[in-house]
Amino acid sequence: MRAQCCVVGGGPAGMMAGLLLARQGVEVVVLEKHADFLRDFRGDTVHPSTLELIAELGWIEEFLNLPHSKMPQVTVNMGGRDVTFADFSRLNVHCPYIAFMPQWDVLDFLAGKAAAYPTFRLQHRAQATQLLIEQGRVTGVLADTEDGPVEVRADLVIGADGRHSTVRARAGLSPVSASPPMDVLWFHLPRRPQDRVPFFQGGKGALISIDRGDYWQIAYTIPANAFGELKTAGLPAFRDRVAQLAPALHDRVDQIDWETVHHLSVRVDRLPQWHRPGLLCIGDAAHAMSPAGGVGINLAVQDAVATANLLGPLLARGGKPEAADLARVQSRRERAARVTQAFQLGILRDLYPKNLSDDTTQHVPPIFAAFRMLPPLRHLMGRFVGMGVRPERISA
Ligand SMILES: Cc1cc2nc3c(=O)[nH]c(=O)nc-3n(C[C@H](O)[C@H](O)[C@H](O)COP(=O)(O)OP(=O)(O)OC[C@H]3O[C@@H](n4cnc5c(N)ncnc54)[C@H](O)[C@@H]3O)c2cc1C
C-alpha cells in the first residue's frame with residue numbers, strides 16, 4: 001500500500017488524526033490491530049473540548065443522538081461528604097459537560113464520518129510490527145493482516161498506538177516513566193433505576209461507577225501491582241470491599257468473579273522526543289496517561305488536531321514533513337501533556353489507595369477543602385479538566 005500518511009492505531013488520537021487529515025485531502029491509511037472498536041477497557045469520557053471540536057465540524061446534534069449521559073460537575077464522595085472539584089457550567093462552549101459515552105460509539109462515529117472522505121482508509125485487523133527505515137528516515141510500516149504481511153509506504157507515519165506503543169519502541173524512542181499511582185479492576189454489575197451510586201466513592205480503595213443504562217461499568221482502583229495480594233485475600237473479601245463502597249449494590253456483589261474482573265495496569269510516561277525523521281508519536285504513544293481525572297482521551301484528541309493543523313497542509317501539497325515540522329507539533333502539545341500528568345500525579349494521587357488496607361478518606365487532597373468553600377476554584381478546575389491546557393481549534 002502507499003499513502004501520504006500511515007496512522008498506526010485506531011484509538012481517539014489515531015481516528016481523529018486520520019479523519020482531519022483526510023478532510024484536508026491527505027491520503028491516509030489507519031491501521032488498527034483489532035477487528036472492531038468494541039472493547040470495554042476504553043475510557044467513556046468525552047470532555048467539553050472534544051464536544052466543541054465535534055460542534056466545529058458541524059456534527060454535534062448527530063453525535064448527541066448517540067446514547068450518553070451528561071455530567072455538568074465532577075463530584076467525588078469522600079467519607080460521606082460530597083466534594084465538587086470541577087464545574088463546567090460556566091464554560092462558553094456548546095456542551096458545558098462531560099458526555100459519558102462508550103468509547104466504541106465515539107470511534108464508530110468518527111470512523112463513519114471519516115469514511116465519507118475518499119482519501120481515508122481504515123484497515124482493521126492490521127497490526128504494525130516493524131517500521132520501514134531507509135537512510136535513517138521512516139518510510140512506512142510492516143503490518144500483519146489476515147491476508148499476510150503488508151507493507152505500507154508513507155511520507156509520514158503517525159504512531160498513535162497507545163501506551164504499549166510498538167511504533168515508538170521500533171523507532172528507538174524511549175519514554176521517561178513516572179510511577180503510576182494505581183492499577184484498575186474493571187467489571188460490570190446490573191443497574192436498577194432506583195440505584196443511588198456516587199460517581200466516585202473513596203474509602204477502602206476507590207470506586208468509580210459509570211451508568212451504562214442497564215448496567216454499571218465499575219472501576220475499582222488498587223495500588224499498582226497489588227492485584228496478586230487482593231486475589232490471595234479471596235473473592236468474598238473483594239466483594240465485601242465493593243459493597244462497603246457502594247452499599248446500593250450489596251445485593252449484587254456475589255455476581256463478581258475473577259473471570260469477569262479485568263486487571264488493567266496503568267502506565268504514566270512521556271517521550272523526551274516525540275519524533276524522528278518520517279515519524280511522529282501522539283496521544284498515549286507520546287505520553288501515556290493514567291485514568292485519573294479522565295483526561296487522557298481528550299489530550300490524545302487535542303494532539304491529533306494540532307498534528308492535522310500543522311502538518312495537513314504540507315502533506316496535502318505532496319510535501320514530506322521534516323524534523324522541524326514534527327518538532328512544531330511536539331512543542332505545541334508537550335506542555336499540555338506535562339502539566340496534565342503533573343496534575344494527575346500530584347493533586348489527584350491522594351484520591352487513590354496507597355496500600356490495600358488504606359482508607360482514602362484519611363488523605364483527601366488538601367486542595368479539596370478549598371473546592372468546598374470557593375466556587376470560583378471549581379469553575380477554574382472545570383476549565384482545566386474540561387478544556388485542557390491549550391485547547392485546539394480545527395483550522396479552516
Ligand atoms: C484503565 C484505564 C482507564 C482509563 N479511563 C479513561 C477515561 O475514562 N477517560 C479518559 O480520558 N482517559 C482514560 N484513560 C486514559 C486513556 O485511555 C488514554 O489516555 C487514551 O485512550 C489515549 O488515546 P490514544 O488514541 O493515544 O491510545 P489508545 O486509546 O490506547 O488507542 C491505541 C489504539 O492502537 C491500537 N494498536 C495498538 N498497537 C497497535 C499496533 N501495533 N498496530 C495497530 N494498532 C495498534 C489499539 O488497539 C488501540 O485501538 C484510561 C486509561 C486506563 C489505563
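Which strands does helix α11 lie across, and at about what angle does the helix run to β6? Helix α11 (residues 375-387) lies across β5 (73-78) and β6, and runs at about 60 degrees to β6. Helices (H or I, at least four residues) and strands (E, at least two) are DSSP runs, numbered from the N terminus. Axes are lines fitted to C-alpha atoms, for helices over the stretch in contact, and angles run from 0 to 180 degrees between N-to-C directions. Two residues are in contact if their C-beta atoms, placed from the backbone, lie within 7 Å.

This is a predicted model, in which local features need pLDDT of at least 70, side-chain atom pairs count only at pLDDT 80 or more, and totals for chains, interfaces and linings use all residues. Residues are numbered from 1 along each chain as its sequence is written.

**Sheets**

β5 and β6 belong to an open sheet of seven strands with mixed pairing, in the order β6-β5-β14-β15-β16-β13-β17. Its edge strands, β6 (81-87) and β17 (262-265), each pair on one side only. On average, neighbouring strands of this sheet are turned by 25 degrees against each other, direction ignored. Two strands pair if DSSP finds at least two bridges between them. Another helix, α7 (residues 235-245), lies across β14 (200-203), β15 (205-211) and β16 (215-222), at about 70 degrees to β15.

Strand β13 (residues 183-190) runs antiparallel to β17 and is joined to β17 by four bridges. Here L185 stands opposite H263 in β17.

An open sheet of three strands has the order β3-β7-β4, with antiparallel pairing. β3 (45-46) and β4 (69-71) are the edge strands, each pairing on one side only. β4 pairs with β7 (residues 98-100) over three bridges in the antiparallel sense, and K70 has A99 in β7 as its bridge partner.

**Domains**

The domain assignment of the chain gives domain 1 (2-44 + 102-174 + 267-351) and domain 2 (183-265); such bounds come from an automatic or database domain assignment. The C-alpha centres of domain 1 and domain 2 lie 32 Å apart. In the contact between them, seven residues of domain 1 meet ten residues of domain 2. On the side of domain 1 that touches domain 2, four residues are nonpolar, none is polar and three are charged. Ala, Val, Leu, Ile, Met, Phe, Trp, Tyr, Cys and Pro count as nonpolar, Asp, Glu, Lys and Arg as charged, and the others, Gly among them, as polar.

**Ligand shell**

The ligand is surrounded by 36 residues, the closest being G11, G43, G162, G283 and G296. A residue is near a molecule or strand if its C-beta atom, placed from the backbone, lies within 6 Å of it. By class, the shell has 16 nonpolar, 14 polar and six charged residues. At least two shell residues come from each of α1 (12-23), β9 (127-134) and α8 (296-316); α8 gives the most, with four residues.

**Two residues**

L264 is in strand β17, and D269 is in strand β18 (residues 268-270). A residue is buried if 20 or more other C-beta atoms lie within 10 Å of its own, exposed if 12 or fewer, and partly exposed in between, with C-beta atoms placed from the backbone.

| Residue | Other C-beta atoms within 10 Å | Class |
|---|---|---|
| L264 | 16 | partly exposed |
| D269 | 18 | partly exposed |

L264 and D195 are 69 residues apart in sequence and 26 Å apart in space, C-alpha to C-alpha. Not counting residues up to four places away in sequence, D269 touches P175, V176, S177, A178 and A288.
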